[in-house]
Number of protein chains: 2
Amino acid sequence: MSPCAATLDAVFYPRSIAVVGASADPTKAGAKWVQGLLAAGYSGPIYPVSRHGGTIGGLNIARSLAEIDDDIDYVIASVPLHSVLQLIDECISKRARVVQFFTAGFSETGKPEGADLETEMLRRARSAGLRIIGPNCIGSYCPEAHIPLGPAATGKIGIPGPIGFISQSGGIAAKLVEYGLARDIRFSKGVSVGNSLDLDASDFLDYLGQDSKTGAIGMYLEGTRDGRRLFDSLKRVAARKPVVLWKGGRTPAGANAAHSHTGSLAASPAIWSAMMRQAETMEAHSLEELCDCLLLLQNLGRTRARNVAVVGGLADGGGGISVSGSDACADNGLLLPELEPATRYRLLELVGEVGSILRNPVDVSPAQFRGLETICAAIQTVAEDRGIELLMVQMDMDIMASFLSADEGMEIARFLARLSGTSDKAIVVVLPSGSAETERQAAASTLSSAGVPVYPTIARAARALSIVSGRAALPA
Amino acid sequence: MSPCAATLDAVFYPRSIAVVGASADPTKAGAKWVQGLLAAGYSGPIYPVSRHGGTIGGLNIARSLAEIDDDIDYVIASVPLHSVLQLIDECISKRARVVQFFTAGFSETGKPEGADLETEMLRRARSAGLRIIGPNCIGSYCPEAHIPLGPAATGKIGIPGPIGFISQSGGIAAKLVEYGLARDIRFSKGVSVGNSLDLDASDFLDYLGQDSKTGAIGMYLEGTRDGRRLFDSLKRVAARKPVVLWKGGRTPAGANAAHSHTGSLAASPAIWSAMMRQAETMEAHSLEELCDCLLLLQNLGRTRARNVAVVGGLADGGGGISVSGSDACADNGLLLPELEPATRYRLLELVGEVGSILRNPVDVSPAQFRGLETICAAIQTVAEDRGIELLMVQMDMDIMASFLSADEGMEIARFLARLSGTSDKAIVVVLPSGSAETERQAAASTLSSAGVPVYPTIARAARALSIVSGRAALPA
């Protein structure tokens, strides 16, 4: 039974939220849900509920849902397993729209009691029009509505942006948001669906497909209760906006763990891959790949750029990057076209022949000895080559720190940030980790703020380009 | 002509060093070589040489090698191409042992003049017993002797340790050292060999094979002038200590770049892989893999551990880690054995069933609500399971920061550091990046100092285990 949009609006933009199983003890999960909403600045009424009463975060704890003198859109349930059915009944009496169960211990335990309890929950909820998220999940996340993800007292939400996500795993959802905060991936909304007893990934996929705030969608799934429905949703939504799906539990060991985690049953990875191909859904194979693709989609859209120029050795060390970067690009189906004669001639003038590589990838190592302007001019020259669609620049902040001042390194980052605004070529920057982490993070921040996607290695950037363009090879 | 050990001792432990092409202008490469040696605390005499004279770093610049009233072990040459033969002659007159050419523009340009010049250099040097490193390289690195790598004014050298390396590329060598500084990989000595005109990778491999300070060897090669010789050296040395080799230029695009970089000629990647297998050399496919393997070898030796327990969800988010970690382990041939009944019973007592996964991988998420001691006790319980050889613990410092205090997160890192000293199981920690970089780096530092290898993802750790144990599948 597909939910109407208004029902899912209540998940992401609830007028009011009740947290059942709240606690006056701030170390308990129920308390952290309340604290998180307060810290994130959720502006609607928050109603903590616990039969023990008390206060949390300055709010009085109601002893039951019935005691609350207001309508409730969204109920967060952090209650013991034995209270679950009673809470369903109370939600129905209160005419709450959606209840999300943090509570776990259901079908994912593999015990028949867990599955039976789920069946009864669903029966009661469906007969009364109450919708359920989970159980065994952390539910809704919506930076725009100041709703943080999960029971995290810090209430970190990040800046709203175009990326929506659906994750069967709360942990993967939380890590995706953490990566987002660190890498400037900005989210419209997301949801962790856990056991997907009632509302499932397909419901949310359809919703995000229609959502004007969501430009691209990331998914982490371990299984589905309705493969046909998922396929139809993927096909419909992916025709309209990019969808990247990471299927966890590809291997027998992973599938076993998935069964214990979200009660998911195994289907062969080949079936999943075939489904994704047919539904024109991009396939990621790890959290890193998923994030790398979402970052690319956020900043460059569904790019099909294949003709790439790589520039390295901004201070030194460009030779090895030329070679290993070529391998990484070739592994991922990217082409490194020969540069135009005019480009090579200009590079020769700027950089000189000795110690440089004026083919593509371009190693501009000797430019350091002629100063910052030469390095920037060499990069700009390559960006202007008419044979390339995308410029990838590797900046080793630690190696640069040996040859240039800290400010010169940052000046190159600022130059690239400006270039991305003026050039007709897409720009991707590779900032490998190393011993100059402070400088690396400062450069990453400058570039990210300008909408330049930043990757830790050429291989990671090339892989994301390969997946997003639809040229990705089968999984490794 | 194989060098005697005393010759290569002069490369890593020179009694005196001359820098020819030094400059009074501190922005020039020749000046940076001198500054680097001074900053690193090299204790022997340093003789800057330039026909322009002057001073650099408080040292008088001699106008020629002949002017120096001392024996010279090691000459660093940062001179123009047209001065190269004259410098060879001067080195011979001075009876210098080894000259290393930073100078580039030889066979790697693809022009016959470059190759002809190399031939003449080699002829003159060989006739007089002078040995050459490079040209087109950054030469020797030896933290123990306070010799930094390359013309880097900062003179960073790191702490001496058991890892030796040989890199055809100066940039890759420099990046390897930067990774080392950041990840607590400690080096005995290393060398960048560039075009390998005279002394080549095999010479240094034989030397490091005999070197008592070197316990494991990493190599980055783009090609070789004598494949048979390299094969014999690899076979001989790898029988004695672990050797990890990354061959750059595996793809046609990479091989083209390699030819421009170090003048290396292509051989098929299949031939290289076959050679490595026959010589029992571990094969890495990227800088990250090379470093990941060297870190493992440094801290755990040539481990063959295959039965692994993974623990995640120290605060939350362990479910997705259980699933995706299982996939990553399975992809790399690791086994996740079922835990002993006693282990599972104890975990059930400690963590409880709800919201946890008490199979392997173990998700101890609910333990957070019982406090730090419960989390540590759960980890220790798994470490004591007799069916496992290696414990891999994932710590998401950002997710932990939402549930535990910063100090509790560090307390877990300290607990793991202690456990690695008392447990009979090898311990590997996975510290993914995210939004809590300061905390992540502090934890990484505590663990690294205790000899615990730290990886950014389970997949990276599993891959390193797979390569080091010799079970690695063919390249992706």
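1. A word on terms before the first example: a salt bridge here is a side-chain nitrogen of Lys or Arg within 4 Å of a carboxyl oxygen of Asp or Glu. The side chains of A:D396 and B:K175 form one, with 2.8 Å from N to O. Please keep in mind that this is a predicted model.

2. That pair belongs to the interface of chain A and chain B, where the rule finds 6 salt bridges. Across this interface there are also 20 residue pairs in polar contact, both residues being at pLDDT 80 or more. On the side of chain A that touches chain B, at least two residues each come from helix 2 (29–40), helix 5 (170–183), strand 12 (243–247), helix 8 (252–262), helix 11 (318–331), helix 14 (397–403) and helix 16 (437–449) of chain A. Helix 11 of chain A gives the most, with 10 residues. By type, this side of chain A has 27 nonpolar, 25 polar and 17 charged residues.

3. How much area is buried between chain A and chain B? The value is about 5,200 Å², and carbon and sulfur atoms give 58% of that. Chain A brings 69 residues to the contact, and chain B brings 69 residues.

4. Over all chains, a search of the whole structure finds 60 salt bridges. One of these joins the side chains of A:K156 and A:E178, at 2.9 Å from N to O. The pair links distant parts of the chain, 22 residues apart: A:K156 lies in the loop between strand 8 (139–141) and strand 9 (160–167) of chain A, and A:E178 in helix 5 of chain A.

5. Within chain A, helix 3 (residues 84–94) packs with helix 4 (residues 112–128) at an angle of about 5°, their axes being 10 Å apart. The two helices are therefore roughly parallel. From helix 3 of chain A, the contact residues are A:V84, A:L85, A:I88, A:D89 and A:I92, and they meet A:L117, A:E120, A:M121, A:R124, A:A125 and A:A128 of helix 4 of chain A. This contact has 8 nonpolar, no polar and 3 charged residues.

6. In chain B, the axes of helix 10 (residues 287–300) and helix 17 (residues 458–468) cross at roughly 70° and come within 9 Å. Helix 10 and helix 17 of chain B are therefore roughly perpendicular to each other. Among the residues making the contact are B:E288, B:D292 and B:L296 of helix 10 of chain B, and B:R460, B:R463 and B:I467 of helix 17 of chain B. The contact divides into 7 nonpolar, no polar and 5 charged residues.

Notes: Residues are numbered from 1 along each chain as its sequence is written. Chains are lettered from A and ligands numbered from 1 in the order in which they are written. Side-chain values use heavy atoms; hydrogens and water are left out. Contact means heavy atoms within 4.5 Å. Buried area is the accessible area (1.4 Å probe) that two parts lose on being put together, summed over both. A polar contact is a pair of N or O atoms within 3.5 Å; within protein, one must be able to donate a hydrogen and the other to accept it, and residues adjacent in sequence count only if both atoms are side-chain atoms. Helices (H or I, at least four residues) and strands (E, at least two) are DSSP runs, numbered from the N terminus. Ala, Val, Leu, Ile, Met, Phe, Trp, Tyr, Cys and Pro count as nonpolar, Asp, Glu, Lys and Arg as charged, and the others, Gly among them, as polar. Axes are lines fitted to C-alpha atoms, for helices over the stretch in contact, and angles run from 0 to 180 degrees between N-to-C directions. Angles under 35 degrees count as roughly parallel, over 145 as roughly antiparallel, 65 to 115 as roughly perpendicular and the rest as oblique.
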